[in-house]
Amino acid sequence: MDGNASAPRFPLPSEIADAPGAEGWRSMYPYFTRFQPDDDKRFWFYNSMHFPEPMPAFDTITAEVPYSAIGANTARVFVFPTTLGIEHRIVNGRVYITANPVTDPDEIGRRAAVFGERAGYYYENWDTLYQGWKMRIKGLIDEITSITVPELPEFDDAAVVTESRGVAQNHYVRENFHRCIDLFSVMWHHHTEFLMLGYGAYVVFFQFCKQAFPEISDQAVARMVAGIDVIMYRPDDELRGLARLAVETGVDDLFTEGCSPPAVLAALAERGEGGQRWLSAFERARDPWFNVSTGDGFYHHHRSWADDLTVPFAALPRYVAQVRDGMLADRPTEALRAERDRIASSYRDLLGSDEEKAAFDQMLGLCRVVFPYVEDHKFYCEHWFTSQFFARIREFGALLARSGVLAEAEDVFQLHHTEVDQALSDVMLAWAAGAPPVGASHFRPIVAERKRILEALRGWSPPPALGPVPEALNDPAVHMLWGVTQQTIEAWLRPAEGEVRGVGASSGVVEGPARVLTDVNQIGEVRDGEILVCPVTAPSWAPVFGKIRAAVSDIGGSMSHAAIVAREYGMPAVVGTGDATKRISTGQRVRVDGDRGIVQVIA
Amino acid sequence: MTQLFTCWTAEVGAADAARAGGKAAALGELARAGLPVPRGFVITTAAFLLHMDGVDPDGAARGALVALAADDLAGIARAAAGLRARVVGQALPPEVAAEIAPACAALGDGPVAVRSSATLEDSAEASFAGLQDTYLAVRGTGAVLDRVRACWASLYNDESIAYRRRQGTGEDGLAMGVVVQPMLDPRSAGVMFTRSPVTGDRSVVAIEGTWGLGSALVGGEVTPDSFTVSKVTGEITGRRVGVKLRVHSFTPNGQGISATPMPFALRRSACLSDDEARALAQTGRQVEDHYGAPQDIEWALLGDGPCHPALHADLADRIVLLQSRPETVWAARDRAPIASQQVKASDHVLARFRRAL
């Protein structure tokens, strides 16, 4: 701060007042997430990329566990020279973070020696290690999928006696719940095992390109590296295949705009061999490819396709119509590969010397080695595993609802996981004692109050950052994972009127009417030629990209789903705007500049 | 039509700078490469030399210029004014005039541009940009004959001579060709560099343009629109619309061009669509590929408007190139390699993380 009273600055954490009507928010979150007096001395920014909404109490686990894992990997396991971990705080339901840099040169040197050995080992053995990683992650997914919630019948299973197991079912209520939490933690440790190294290789190539070609766009660099056989496209590919099969087997008449999934499935069962063929293909596609969250895997209410078939069934009628008209094309993978290679070799040819060309080849080669992880890990971790994780927690919620502690299963997400632990203890004790649990009078008012608080918190506009403006922002994690740079901070300090700024993720400029959607279930409302404005996109949004002219999202970076898909469709995209869905309304005419990352409201 | 003193532009090429001058040689080279340049003819340096035999038979006046110091501006001005007056005052050799008249007739009776083409200009080492004169919207053969001598005289502009003295270039063998082309009435025109003039980035084409004739931009009378287009992806990575307060155009029946206030509706509107900018960049890239080095190009865009009916449906056919010369500023700068080969690819990353980002 320069001491000039009129210079724009961010509020200090201690200056943030409670959102009106939400004064009790602190009781929802653990003590270690509260801002401390000393935190006023540090710079914090709102992690709108991952946490665009107020946090329900249970969902804070998607901050607590990832930060525990990523910090462990950067600070303690791989010993990154210039960064430790990330601290997070919650205020008015919003997650703010800061990174802990290492600045002492001696300390950096000491860490660099360890880092070189450890990171070098991973880079050199990347393919083998990544294959092992996929095996382990699939093992974790199998395990989280197979966890059961004891039913607590009147009499326990006879096998407890005949096999002399010696342990009654109520014990497994806690053990299995703990196992869910433990598996979530193990998954996040694996998630962050490759994360910084993967993005690191990309950032080094990115910075080289920016130095060699100062005016190259971020997306041109991304296109040189982009994978073609990316798992993220698979759920949408499966839907296209199902649409083709519907036409082929003559059951396509069932897929009409607004059709109800249970009604369609029931009708298919009556349609003889064709219906059976479609249903068995549907079952094969559904597991695992419908395990895609409608969000980014950080909130329990971002349900998966598997949970809620209305999303895939909203896309099917359009694909079926395209098949009938002979208009449904597959992704042109060969053309995409050829274009990627053309772009890379064109830039390579423009380099000044053979030395630089050799370095370019090495860096790009390494990026392509690490990119399968960078592009695919989200499907395994945030989508597949996390969809299953929330489904299991929901089943524990159902147990609490059956036992009368909660009014409904979904209410479990209003409790912190340590509170769920207590509620489950209550149920275990009650079953053992032959008495009703006492939790209803304790937890039901808490749940009701928290739902009210969450609603009140939605009305609060979080400042993009808190605390003193840093002189330099050097942390590689902040830079790579959140794209926050000195320029970002400048833009936060001086917001422009009538203009929404974000990351230019796919180039081009178009104008058109905006269609603001807050939920993927609304994708049926999108009309051809509209500009999609949404909180975030995930693979489940893929069907909409065939209709729209441009995409704008509240959250996401240049490697986010919206960015990758928009580049492939060749349409402009601006991501990571923070609040486009709040500042733009459906029907407004907007101009999307995907080169500069600006969305203007024209009329 | 190759004759002693004139030939068609397309009949010369890059090797003909001595016979046709730099600009004509470059235009001919572009035409031979299949790039869009206006047709036209060249009055060769032989015509200039014959004329100068009459003006300065023993070469004494020209030889005297070599003795002048680059910073002796008063001396240069005195010597130059005398020489120029003699170049313009001397009657054109009749055999030269006899070739120019039918060539003009072959171009039609519309206005033409009469452009200097000195033997030294537009070389890879030095551009000599803008030091010699060009006359736009010249009407009638008589006026053309006058402007040809004016072009020749402009080889002895004060700044031209001073520039040659600074460069240490002699006067021997120095000559001037002249290019005569039908005058274009472009909707938009400007310049482009096939590398960024700001950063030297070779992966982009930087375009500047304005409505109407490009002379308003070259002369610094407007703040042009600027576009930066990626050569590789066609993305437009920079777009700034200037405030263009004047427009250059030629009146249908008068000599020369006039500068008038830009219509309000056009002042803050972009003189190129994105597609047009991309098509220009593509043409610029073809020129660069032909020469194998970054180029500094003057362009015009025809048609597409109520006053400028499209002559061709295809956008690429509306582009015309008026000049191309090697880019000289960044070409002269050496840059240390940004990175070099490491033992292992991952060494690049490890090295990067050892310092703060």
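A:Ala573 touches A:Ala505, A:Ser506, A:Ala550, A:Ala551, A:Ala562, A:Ala563, A:Ala566 and A:Gly594, leaving out residues up to four places away in sequence. Contact here means C-beta atoms, placed from the backbone, within 7 Å. This is a predicted model, in which local features need pLDDT of at least 70 and side-chain atom pairs count only at pLDDT 80 or more, while totals for chains, interfaces and linings use all residues. Residues are numbered from 1 along each chain as its sequence is written, and chains are lettered from A and ligands numbered from 1 in the order in which they are written.

A:Ala573 also belongs to the largest nonpolar core, which has 175 residues. A:Ala573 is among those with the most contacts inside this core, together with A:Phe205, A:Met363, A:Leu532 and A:Val552. A nonpolar core is a set of buried Ala, Val, Leu, Ile, Met, Phe, Trp, Tyr and Cys residues joined through C-beta atoms within 7 Å. A residue is buried if 20 or more other C-beta atoms lie within 10 Å of its own, exposed if 12 or fewer, and partly exposed in between, with C-beta atoms placed from the backbone. Helix 12 (residues 354–402) of chain A gives the largest share of the core, 20 residues. Helices (H or I, at least four residues) and strands (E, at least two) are DSSP runs, numbered from the N terminus. Another core, of 88 residues, lies apart from the largest one. Its members include B:Val144, B:Ala153, B:Leu213 and B:Ile236.

Now the domains of chain A. There are domain 1 (13–116 + 459–481), domain 2 (231–332) and domain 3 (497–601). Such bounds come from an automatic or database domain assignment. The C-alpha centres of domain 2 and domain 3 of chain A are 24 Å apart. Their contact takes 16 residues from domain 2 of chain A and twelve residues from domain 3 of chain A. On the domain 2 side, helix 7 (234–248) and helix 10 (310–324) of chain A are the elements that give two or more residues. Helix 10 of chain A has the largest share, five residues. By class, this side divides into eight nonpolar, four polar and four charged residues. Ala, Val, Leu, Ile, Met, Phe, Trp, Tyr, Cys and Pro count as nonpolar, Asp, Glu, Lys and Arg as charged, and the others, Gly among them, as polar.

Chain B has domain 1 (6–182) and domain 2 (188–332). Their C-alpha centres lie 25 Å apart. The contact draws 19 residues from domain 1 of chain B and 17 residues from domain 2 of chain B. Helix 2 (22–32) and strand 4 (134–138) of chain B each give two or more residues to the domain 1 side. Helix 2 of chain B gives the most, with four residues. That side holds 15 nonpolar, one polar and three charged residues.

Next, the two chains together. Their contact takes 33 residues from chain B and 42 residues from chain A. On the chain B side, strand 8 (225–230), strand 9 (236–240) and helix 12 each supply at least two residues. Helix 12 of chain B has the largest share, six residues. The chain B side has twelve nonpolar, 13 polar and eight charged residues.

Helix 12 (residues 346–353) of chain B packs against helix 5 (residues 169–212) of chain A at an angle of about 90°, with the axes 9 Å apart. Axes are lines fitted to C-alpha atoms, for helices over the stretch in contact, and angles run from 0 to 180 degrees between N-to-C directions. The two helices are therefore roughly perpendicular, a term for angles of 65 to 115 degrees. A:Gly200, A:Ala201 and A:Val204 meet B:His348, B:Val349, B:Arg352 and B:Phe353 in this contact. Four of the contact residues are nonpolar, two polar and one charged.

Last, some backbone details. Most residues other than glycine have a negative phi, and most peptide bonds are trans. The bond from A:Asp287 to A:Pro288 is cis, with omega near 15°. A:Pro288 sits in helix 9 (residues 272–289) of chain A. A:Asn92 has a positive phi of about 50°. A:Asn92 lies in the loop between strand 2 (83–91) and strand 3 (94–101) of chain A, and counts as partly exposed because 19 C-beta neighbours lie inside 10 Å. In chain B, B:Ala137 has a positive phi near 55°. B:Ala137 lies in strand 4 of chain B and counts as buried, with 24 C-beta neighbours inside 10 Å.

Terms used. Two residues are in contact if their C-beta atoms, placed from the backbone, lie within 7 Å. Angles under 35 degrees count as roughly parallel, over 145 as roughly antiparallel, 65 to 115 as roughly perpendicular and the rest as oblique.
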